[in-house]
Amino acid sequence: MTASHSLHRLTRQFTAFFGVGLAAAVAHYGLLIALVEGAGTHPVPATLAGYVAGGLVSYALNRKHTYQSDRPHREATWRFALVALVGFLVTWFLMHAFTVWLKGPYLPSQIITTGVVMLWSFMAHKKWTFA
């Protein structure tokens with residue numbers, strides 16, 4: 001495989017991952033905002049609930065569209081769950097730091113957190129979950 005072909009494949013995968021991420025973000029942010037604004041839930045548990053909702057969307061779409069994986073579900077699901085658990089813990093930590101310790105607004109805090117977790121998830125899923 002040439003370097004050009006590898007770069008093209010990586011670019012295609014990241015573009016698909018980003019598109020799937022947008023769909024997952026609609027689920028995540030939709031639930032986050034509904035819980036904070038509609039139910040008066042604190043942003044940290046609300047974002048964790050949103051993270052789980054987005055994760056369900058992410059698994060189904062990334063397996064099929066981003067990585068085109070043929071790894072059996074019995075292997076891919078526990079690997080996905082482990083990567084998601086790390087992302088969940090990073091989400092908790094960053095959102096807690098931004099909104100509790102630093103008293104920052106929850107939506108900008110979530111945008112920064114999403115970027116960090118997105119990079120982690122893309123590489124972990126590419127190299128391990130769906131490889």
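View A. Phe93 counts as partly exposed, because its relative accessibility is 42%, and Trp101 counts as exposed at 54%. In these legends, buried means under 20% relative accessible area, exposed means over 50%, and partly exposed lies in between, with a 1.4 Å probe and protein chains only. The structure is a predicted model, in which local features need pLDDT of at least 70 and side-chain atom pairs count only at pLDDT 80 or more, while totals for chains, interfaces and linings use all residues. Residues are numbered from 1 along each chain as its sequence is written, and side-chain values use heavy atoms, with hydrogens and water left out.

**View B. The whole chain, for orientation.** The chain has four helices and zero strands, where helices (H or I, at least four residues) and strands (E, at least two) are DSSP runs numbered from the N terminus. The radius of gyration, taken over C-alpha atoms, is 16 Å, which is close to the 14 Å that the globule rule gives for 131 residues, so the chain is as compact as a globular protein of that length. The rule itself is 2.2 Å times the number of residues to the power 0.38. Along the principal axes, the C-alpha atoms fill a box of roughly 50 × 30 × 20 Å, and 37% of the 131 residues count as buried. The chain exposes about 7,300 Å², of which carbon and sulfur atoms supply 74%, an area that comes from the Shrake-Rupley method with a 1.4 Å probe.

**View C. The largest nonpolar core.** This core has 10 residues, namely Phe17, Tyr51, Tyr59, Tyr67, Ala76, Phe80, Ala84, Val117, Phe122 and Phe130. The elements that give two or more residues to it are helix H2 (43–66), helix H3 (73–101) and helix H4 (106–129), and the largest share, three residues, comes from H3. A second, separate core of seven residues includes Leu32, Val36, Val44 and Leu48. A nonpolar core is a set of buried Ala, Val, Leu, Ile, Met, Phe, Trp, Tyr and Cys residues joined through side-chain atoms within 4.5 Å. In soluble globular proteins, nonpolar side chains tend to be buried together.

**View D. Aromatic rings, with Phe17 and Phe122 as an example.** The structure holds 12 aromatic pairs. In one of them, Phe17 and Phe122 are edge-to-face, at 5.2 Å centre to centre and with 65 degrees between the planes. This pair links distant parts of the chain, since Phe17 lies in helix H1 (residues 3–39) and Phe122 in helix H4, 105 residues apart. Phe122 is buried, with a relative accessible area of 4%, and Phe17 is buried too, at 6%. The rings of Phe93 and Trp101 also form an edge-to-face pair, because their centres are 5.8 Å apart and their planes stand at 80 degrees. Rings of Phe, Tyr and Trp (its six-membered ring) pair if their centres lie within 6.5 Å, and planes under 30 degrees apart count as stacked, over 60 as edge-to-face and the rest as tilted. Ring pairs link Phe14, Phe17, Tyr59, Tyr67, Phe80, Phe122 and Phe130 into a cluster.

**View E. Phe130, in the segment after H4.** Phe130 is buried, with a relative accessible area of 5%. Leaving aside its neighbours within four places in sequence, Phe130 is in contact with Tyr59, Asn62, Arg63, Tyr67, Ser69, Arg71, Ala76, Phe80 and His125, where contact means heavy atoms within 4.5 Å.

**View F. The salt bridge between Arg71 and Glu75.** The structure holds one salt bridge, a term for a side-chain nitrogen of Lys or Arg within 4 Å of a carboxyl oxygen of Asp or Glu. The closest N and O atoms of Arg71 and Glu75 are 2.8 Å apart. Arg71 counts as buried because its relative accessibility is 14%, whereas Glu75, at 30%, counts as partly exposed.

**View G. Gln68 and Lys103, in two loops.** Gln68 is found in the loop between H2 and H3, and its phi is near 45 degrees, a positive value in a residue other than glycine. Lys103, which lies in the loop between H3 and H4, has a phi near 60 degrees, again positive in a residue other than glycine. Gln68 is exposed, with a relative accessible area of 56%, and Lys103 counts as exposed at 66% relative accessibility.
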